[in-house]
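Thanks for making time this morning. I would like to walk you through one structure, so please have the sequence and the 3D view open while I talk.

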Amino acid sequence: MSNKMNPLNLDVKAPYISYVWAEDKEGLIGRDNDLPWSLPGEMKHFVEVTTGGVVVMGRKTYEGIPNPPLKNRINIIMTRNENFEAEGSVICHSKKEVLDYLQKKEIEKPIHVIGGTTLFELFMDDVSVLYRTIIDEVFEGDTYMPEIDYKDFHCINHADGVEDAENKHPHRFYLYERKNPIPLFE
Ligand SMILES: NC(=O)c1ccc[n+]([C@@H]2O[C@H](COP(=O)([O-])OP(=O)(O)OC[C@H]3O[C@@H](n4cnc5c(N)ncnc54)[C@H](OP(=O)(O)O)[C@@H]3O)[C@@H](O)[C@H]2O)c1
């Protein structure tokens, strides 16, 4: 991650909710429960942003992760299935259960909602920070980012991703903060 993307530039203090995702020029984020592109530099950025924090994901996104849980992060999986189990992860069945868990554990880390669409919709009124990657191409797929009201946010940093033999798609990282950040537990 470029130093320009340093989250220390944020005004909001943890715990706060962030979104972390990559989208193409048309807001596409997924295909067949996978990513529509291969971009190791973007994965590295994702790891750098989320390591040390909490990651909250939908059950489908969880099932697309190669070797779960994600290391050095508290993994929270959302499902309505009361019988769902996943080693090394916390299972929650509603947004209230997620927030109650975080409050009870007195978590003071960033809480990164990492998708998919259903979770990005669910936390839309709670999110204070956006880590958005835009890939400057159009891909095929089936899952899109929900609409975000960017006028409520300001972009505080951006940086170009490196293009090389393994990262053939031009992409740019953006960091936004809500103009009036939302305190999580008030
Ligand atoms: N480009 C990116 O940055 C990015 C990031 C993340 C994901 N993705 C892609 O997005 C796609 C998956 O997204 P998706 O929207 O289809 O699925 P998803 O959000 O990952 O998972 C949906 C599931 O989450 C559970 N869930 C959702 N809302 C809930 C609630 N209010 N309470 C309890 N459980 C709830 C349900 O699980 P149950 O059915 O088990 O009840 C639901 O079926 C994949 O293609 C993935 O690769 C892309």
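Let me begin with Leu35, which counts as buried because 20 C-beta neighbours lie inside 10 Å of its own, and 20 is the number from which a residue is called buried. Please keep in mind throughout that this is a predicted model. Leu35 sits in the loop between β2 and α1, and if you compare its position with that of His154, the two are 119 residues apart in sequence and 27 Å apart in space, taken from C-alpha to C-alpha.

Which residues of α1 are buried? They are Glu42, His45, Phe46 and Val49, and, seen down the axis of the helix, the buried residues of α1 fall within an arc of 100°, so they line one face. As a reminder, an α-helix has 3.6 residues a turn, so residues three or four places apart point the same way. The cover over the buried residues of α1 includes β1, β6, β7 and β10, and just after the helix Gly52 adopts a positive phi of about 90°.

Now to the sheet itself, which is open and built from eight strands in the order β5-β4-β3-β6-β1-β7-β10-β9, with mixed pairing. β5, residues 90-92, and β9, residues 153-160, stand at the edges with a single partner strand each, so one side of each is left without a neighbour in the sheet. On average, and ignoring direction, neighbouring strands are turned by 25° against each other. Within this sheet, β1 and β6 run parallel and are joined by three bridges, and Tyr19 stands opposite Val113 in β6. Helix α3, residues 95-104, also packs on the sheet, where it touches β3, β4, β5 and β6, and its direction makes about 140° with that of β5.

Finally, the ligand: how many residues surround it? There are 29, and the closest are Gly30, Gly58, Thr61, Gly115 and Gly116. The elements that contribute two or more residues to this shell are β1, β2, β3, α2 and α4, and α4 gives the most, with four residues. Sorted by class, the shell holds nine nonpolar, 14 polar and six charged residues.

Conventions. Residues are numbered from 1 along each chain as its sequence is written. This is a predicted model: local features need pLDDT of at least 70, side-chain atom pairs count only at pLDDT 80 or more; totals for chains, interfaces and linings use all residues. A residue is near a molecule or strand if its C-beta atom, placed from the backbone, lies within 6 Å of it. Ala, Val, Leu, Ile, Met, Phe, Trp, Tyr, Cys and Pro count as nonpolar, Asp, Glu, Lys and Arg as charged, and the others, Gly among them, as polar. Two strands pair if DSSP finds at least two bridges between them. Axes are lines fitted to C-alpha atoms, for helices over the stretch in contact, and angles run from 0 to 180 degrees between N-to-C directions. Two residues are in contact if their C-beta atoms, placed from the backbone, lie within 7 Å. A residue is buried if 20 or more other C-beta atoms lie within 10 Å of its own, exposed if 12 or fewer, and partly exposed in between; C-beta atoms are placed from the backbone. The arc is that of the directions from the helix axis to the C-beta atoms.
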